[in-house]
Amino acid sequence: MTNNNNAKILTPDICVIGAGSGGLSVAAAAAAFGVDVVLIEKGKMGGDCLNYGCVPSKAIIAAGKAAATFRSSEKFGVGAHEPEIDFSKVNDHVHDVIATIAPHDSVERFEGLGVNVIQGAGEFISADTVKVGDQLIKARRYVVATGSSAAVPPIPGIENTPYLTNENLFELTERPEHLIIIGAGPIGMEMAQAHRRLGSRVTVIEALRPLAVTDPDHAAQVIRKMEAEGVEILANTKVNAVERTDNGVKISIKVDDEADGTVEGTHLLIAAGRAPNVSSLGLEAAGIEYTRKGIKTDDGLRTTNRKVYAIGDVAGGAQFTHAAGAHASLVIRSILFRMPINHNSITMPAVTYTEPEIGQVGLSEQQAREQFGDKLKVLTAEFSGNDRALAEGKGEGQVKLLANGKGQLVGASIVGPGAGEQIGLLALMISQKLKVGALLGVVFPYPTLNEAIRRAALTYYADAPKNPWVRRILALLRKFG
């Protein structure tokens with residue numbers, strides 16, 4: 001270990017390790033309250049979300065949607081044609097979006113807020129001390145917010161085969177001729193559709209069910225749409241080995257544990273999950289326990305070292321930018337105001353940004369059936385009955401609401417246009433423990449997609465005329481009305 005006898009020791013109230021979404025939120029909020037904060041980042045400010053994840057992926061998805069619009073405009077009376085796609089300019093668009101947002105997350109902005117930003121790798125050298133280069137930090141509290149990275153499965157041959165992850169996918173300036181994607185989760189399927197729409201041939205390989213974390217009925221709609229657009233999806237398919245070829249890569253596969261085969265392409269993207277960034281943090285020296293899923297925390301996001309919190313992906317929970325932001329808000333309450341917090345109480349929506357989108361929140365239908373049995377009510381409405389969706393030629397999709405025996409909303413899934421924008425309303429209802437009847441007291445503007453939610457809620461009362469008390473009231477109304 002380097003001799004640190006002459007090193008200046010910083011003693012801030014809070015030291016944040018990691019300048020991604022969660023870490024930046026903690027640092028900005030603490031600085032706003034006048035708290036002394038040190039923020040450590042060894043890579044790019046903004047972390048994975050800005051540089052390799054949410055922002056660039058949505059930018060390339062938008063480019064894919066623009067291309068798809070050209071091909072599908074005939075139904076509106078507008079001449080459809082195959083668009084000319086300059087993939088290098090698509091790449092420019094992606095990086096222009098990153099560059100536009102980057103100043104908000106920059107070193108300069110955060111130093112302007114009063115945060116002491118240190119660029120380097122932070123490592124615990126004891127239970128209460130972090131070292132960055134020759135700099136020592138002894139903070140009152142620490143927040144580890146180092147995020148996650150693409151998990152690369154131990155596939156035979158992978159070490160000698162060139163492959164992409166989200167960290168270098170958005171550096172491509174030439175369109176992949178045939179992109180093979182291992183993993184059919186949200187990231188894999190989003191990138192599959194975007195690249196297919198931009199002119200690549202795309203094959204997705206998934207060991208289990210594609211979009212396994214989403215409602216099966218709603219996932220099936222997305223899969224049908226993507227296959228209709230030309231994406232090849234190989235479900236229940238195991239990857240046996242990969243190897244480099246003169247033209248790219250070759251994948252040896254086994255379908256349904258029976259037939260062997262191969263798939264050859266020019267590029268390989270690994271989208272098989274995420275791994276928490278815990279290496280090189282010196283967690284053992286700090287007495288912080290962790291597993292391959294992430295750092296162990298209690299309900300209040302504290303680690304086994306009471307001075308240290310862990311938030312976001314590295315804490316092993318929901319791997320969403322908005323989850324990290326929610327964690328940051330909780331941690332600020334705990335550190336600055338000594339308020340009790342419980343991250344398990346957060347209502348966490350999720351969106352898959354394919355077209356159609358899938359938005360979901362709360363319990364899945366299977367979870368709700370296990371919990372509520374026959375008392376569960378599944379309420380649905382189709383976008384084929386929504387005037388706005390029909391006007392825009394997007395009448396495929398469904399709203400699904402899950403209500404318990406008391407009529408309280410416990411889960412929801414939407415597949416269709418604008419699902420991600422609509423799911424927030426249902427997240428609010430679940431977080432506030434509202435009943436579906438509350439939706440009937442809301443007047444939605446006409447014509448909007450949100451009307452489908454209200455239409456689904458109305459079906460909760462479909463059996464009301466069968467209720468003897470309701471029949472008696474209706475009889476009285478007819479008699480005296």
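Six bridges join strand β22 to strand β25, residues 409-416, and the two run antiparallel. Strands here are DSSP E runs of at least two residues, helices are H or I runs of at least four, and both are numbered from the N terminus. Two strands pair if DSSP finds at least two bridges between them. In this pairing, Gln360 stands opposite Ser413 in β25.

A word on the source. This is a predicted model, where local features need pLDDT of at least 70, side-chain atom pairs count only at pLDDT 80 or more, and totals for chains, interfaces and linings use all residues. Residues are numbered from 1 along each chain as its sequence is written, and side-chain values use heavy atoms, with hydrogens and water left out.

Back to β22. Its other partner on my list is β21, residues 350-352, antiparallel over three bridges. Thr352 stands opposite Ile358 in β22. Four residues sit between β21 and β22, and the two strands form a hairpin.

Is β22 buried or exposed? Five of its six residues, in the run 357-362, are buried, so the strand is largely enclosed by the rest of the structure. Buried means under 20% relative accessible area, exposed means over 50%, and partly exposed is in between, with a 1.4 Å probe and protein chains only.

Now the record. An unreviewed UniProt entry places "domain: Pyridine nucleotide-disulphide oxidoreductase dimerisation" at residues 348-456. UniProt positions are in the numbering used here, feature names are shortened, and annotations may be inferred rather than shown by experiment. Over residues 348-456 the chain is 29% helix and 27% strand. The end C-alpha atoms of that stretch are 21 Å apart.

Next, helix α3, residues 54-71. How far should its 18 residues span? At 1.5 Å a residue, 26 Å, and its end C-alpha atoms are 26 Å apart, which agrees. The expected span is 1.5 Å times one less than the number of residues. Buried residues in α3 include Val55, Pro56, Ile60, Ile61 and Gly64. Among the elements covering the buried residues of α3 are α2, α4 and α6.

Last, Arg274, in strand β17, residues 274-276. Arg274 is buried, at a relative accessible area of 19%. What does Arg274 touch? Leaving out residues up to four places away in sequence, the contacts (heavy atoms within 4.5 Å) are Asp48, Ser148, Ser149, Ala150, Ala151, Asn166 and Gln319. A polar atom of the Arg274 side chain lies 2.7 Å from the backbone oxygen of Ser148. The side chains of Arg274 and Asn166 make a polar contact of 2.9 Å. A polar contact is a pair of N or O atoms within 3.5 Å; within protein, one must be able to donate a hydrogen and the other to accept it, and residues adjacent in sequence count only if both atoms are side-chain atoms.
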